[in-house]
Amino acid sequence: MWPFDSKRTPLTYDTIEPGTGLAAALKLSRADIIGEVAASNLRGRGGAGFPTGTKWNLAAAARVKDGFSKYIVCNADEGEPGTFKDRVLLTDYADLVFEGMTIAARAIGAKKGILYLRGEYVYLRRHLDEVLDKRRKAGFLGEKIGGVENFSFDIEIRMGAGAYVCGEETALIESLEGHRGEPRNRPPFPVDTGFLKQPTVVNNVETLASVAAILAKGATWFKSFGTERSAGFKLFSISGDCDHPGVYEFPLGVTVTELLEKVGGRNAKAVQIGGASGICVPAADFGRKIAFEDVATGGSIIVFGPGRDMLHVAKNFMEFFVEESCGQCTPCRAGNAKLLDGIEKLETGSCSTAYLRELKALCETMQLASKCGLGQSSPNAFLSIVNNFQDEILGRATAAH
Amino acid sequence: MLVSQQQKLQEEIRALVAQHGKNRAALMPVLQELQRRYASVSDFAMQVVADEIGIHPAEVYGVVTFYAFLHHEPKGRFQVRLCQTISCDLAGKARVARQLENELGIRFGETTSDGRFSLEWASCLGMCDQGPALLVNERVYTRVTPDQVHQIIDDCRKVFGAHAAQPVHA
């Protein structure tokens with residue numbers, strides 16, 4: 001349906017009957033729900049890969065302060081360049097996502113859920129509100145859900161306002177509290193001190209949909225997909241120079257080659273895995289696996305065809321980070337601008353190898369010293385492109401020569 | 001701004017704060033609604049919001065200037081945002097950008113002198129498989145080609161006329 005006509009292959013989520021996961025969860029004790037999620041080895045699908053069961057356990061054990069409530073926050077601030085699988089999930093599988101939130105609420109004892117929807121997806125708002133209304137009428141939200149005493153839970157939608165950094169969970173919470181989206185120091189972690197200082201679980205859209213699937217079909221079933229250290233299946237948003245861009249599902253551990261065959265990108269020169277904050281994999285390394293133990297990703301795959309100028313690609317990523325850095329810490333604020341400046345030097349063919357080495361050292365400083373994941377990962381694309389395509393990048397002739 | 005207009009805005013903000021709660025966590029939804037209605041959040045509006053929520057106006061200013069979708073300077077009724085990130089770039093955003101500038105007679109970051117259109121870059125709109133992507137207020141356009149730009153802008157222009165004084169949401 002317009003404008004959500006992303007091409008996609010059939011997904012495992014099509015086989016999950018909405019409601020079965022929640023029904024199964026309500027028959028279990030809270031500890032057993034968390035046990036099932038932990039046994040599935042599900043790791044955060046936003047890209048960081050934190051074990052979901054561990055996160056829930058910490059939040060379940062944390063104490064509520066001053067008689068308020070714990071919170072479940074669904075992170076729908078999908079802003080990583082090249083990622084759009086959450087848009088597809090929210091369009092076609094919103095019930096599974098809300099069900100995952102409800103299961104999480106039951107598990108940790110939360111009374112309130114918030115879906116933080118990125119401002120760019122404002123056109124999804126009406127659809128999501130309708131799904132929530134239907135769930136309220138069907139008794140899946142509100143008081144005594146599923147007839148369980150003392151289990152009341154409801155979900156509110158809050159909008160983002162065009163800030164990539166708000167995908168970082170503490171920046172997201174700052175934004176919810178009415179502040180600039182500047183990441184907090186961690187610890188304390190949100191599972192202990194989150195939204196309004198209460199224990200808060202922040203999970204990605206896809207993680208929550210997977211939770212509903214795991215409760216419906218069991219941890220063993222989920223673990224039958226993927227590798228030992230990266231259990232389950234995952235959605236990939238594939239764009240760039242390929243015949244069939246769209247949303248695809250693969251078990252974790254899939255190789256870049258397998259993925260490219262499926263989307264018709266066989267002549268690719270390089271593939272960006274994990275978006276702007278991910279790494280650029282050259283053709284020689286297409287045998288690498290997409291999994292937490294090799295190349296981890298939130299699902300963004302951008303294919304670069306044979307004719308693409310990799311310096312132009314690196315420049316686009318750095319412009320993105322200069323724009324999206326919140327400016328709070330110096331390594332990120334100044335570092336990204338310096339790297340972009342370096343790329344402009346490379347463009348005009350006026351960058352010495354010694355200066356390029358200094359820029360690489362700056363990358364390391366940024367990775368070590370930045371406050372949050374944005375600055376820690378923003379040099380990744382620069383480094384992997386410069387290291388793999390040094391031959392293409394150095395000594396460019398300008399019009400003046 | 002006329003005194004009567006100020007009073008009207010003040011009442012609107014009071015109603016919004018009453019609806020979302022008289023606390024700091026209500027700040028974003030209140031500002032977002034003002035942005036939607038007026039295409040920007042004026043200095044006067046920021047002062048009133050601060051008074052109503054009980055925080056310093058500098059705090060409100062800090063928030064408004066942080067987010068790309070909130071503005072304190074006047075913006076056009078239609079905010080045209082073209083995705084500048086990599087996938088849309090590979091799909092040919094540069095020519096769409098050029099044609100947008102040609103049709104509107106302004107550069108990126110500017111507003112037309114009649115106050116109808118603002119042209120801005122956006123970071124990844126999440127339409128990477130269907131680029132180049134364009135967001136006009138709350139409506140998204142995908143696979144935009146340079147020759148479609150005129151029609152997209154023209155459709156927006158039709159909204160003006162007798163109803164020009166009304167807030168516009170495409």
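A residue is taken as buried if 20 or more other C-beta atoms lie within 10 Å of its own, as exposed if 12 or fewer do, and as partly exposed in between. By this criterion, 42% of the 170 residues of chain B count as buried. The structure is a predicted model, and its scores are ipTM 0.93 and pTM 0.95. For chain B the mean pLDDT is 93, with 94% of the residues reaching 70 or more.

## Architecture of chain B

Chain B contains seven helices and four strands. Read from the N terminus, these elements follow the order α-α-α-α-β-α-α-β-β-β-α. The C-alpha trace of chain B spans about 50 × 35 × 25 Å along its principal axes. The domain assignment divides chain B into domain 1 (3-66) and domain 2 (78-157). Taken over C-alpha atoms, the centres of domain 1 and domain 2 of chain B are separated by 29 Å. Among the contacts in chain B that join residues at least 6 apart in sequence, 63% are between residues at least 24 apart.

One residue of chain B can be followed in more detail. B:Trp121 belongs to strand 2 (residues 117-122) of chain B. Apart from its neighbours within four places in sequence, B:Trp121 is in contact with B:Leu82, B:Gln84 and B:Phe108. A further pair is formed with B:Ala97, which is 24 residues away along the chain: the C-alpha atoms of B:Trp121 and B:Ala97 are 9.1 Å apart. B:Trp121 has 16 C-beta neighbours inside 10 Å and therefore counts as partly exposed.

## The contact between the chains

On the side of chain B, 31 residues are in contact with 41 residues of chain A. Helix 2 (27-38), helix 4 (57-66), helix 5 (86-90) and strand 4 (139-141) of chain B each supply at least two residues of the side that touches chain A. Sorted by class, this side of chain B has 19 nonpolar, seven polar and five charged residues.

Leaving out residues up to four places away in sequence, A:Val97 touches A:Cys74, A:Leu89, A:Leu90, A:Val205, A:Leu208 and A:Ala209.

How many of the 15 residues of helix 5 of chain A are buried? The count is 15 of the 15, so the helix is largely enclosed by the rest of the structure. The length of helix 5 of chain A can also be checked: at 1.5 Å a residue, its 15 residues should span 21 Å, and the end C-alpha atoms are 21 Å apart, which agrees. After helix 5 of chain A comes A:Gly109, which has a positive phi, near 85°.

## Backbone features in loops

| Site | Feature | Angle |
|---|---|---|
| A:Arg186 to A:Pro187 | cis peptide bond | omega near -5° |
| A:Pro187 to A:Pro188 | cis peptide bond | omega near 0° |
| A:Asn41 | positive phi, not a glycine | phi of about 60° |
| B:Ala39 | positive phi, not a glycine | phi of about 65° |

Where do the two prolines lie? A:Pro187 is placed in the loop between helix 7 (169-176) and strand 4 (200-204) of chain A. A:Pro188 likewise lies in the loop between helix 7 and strand 4 of chain A.

A:Asn41 sits in the loop between helix 2 (30-39) and helix 3 (52-61) of chain A. Is A:Asn41 buried or exposed? With 21 other C-beta atoms within 10 Å, A:Asn41 is buried, because the threshold for burial is 20 or more. In chain B, B:Ala39 is found in the loop between helix 2 and helix 3 (43-53). B:Ala39 has 21 C-beta neighbours inside 10 Å and so counts as buried.

Conventions:
Residues are numbered from 1 along each chain as its sequence is written. Chains are lettered from A and ligands numbered from 1 in the order in which they are written. This is a predicted model: local features need pLDDT of at least 70, side-chain atom pairs count only at pLDDT 80 or more; totals for chains, interfaces and linings use all residues. Two residues are in contact if their C-beta atoms, placed from the backbone, lie within 7 Å. Ala, Val, Leu, Ile, Met, Phe, Trp, Tyr, Cys and Pro count as nonpolar, Asp, Glu, Lys and Arg as charged, and the others, Gly among them, as polar. Domain bounds come from an automatic or database domain assignment. pLDDT is the predictor's confidence in each residue, from 0 to 100. The expected span of a helix is 1.5 Å times one less than its number of residues.
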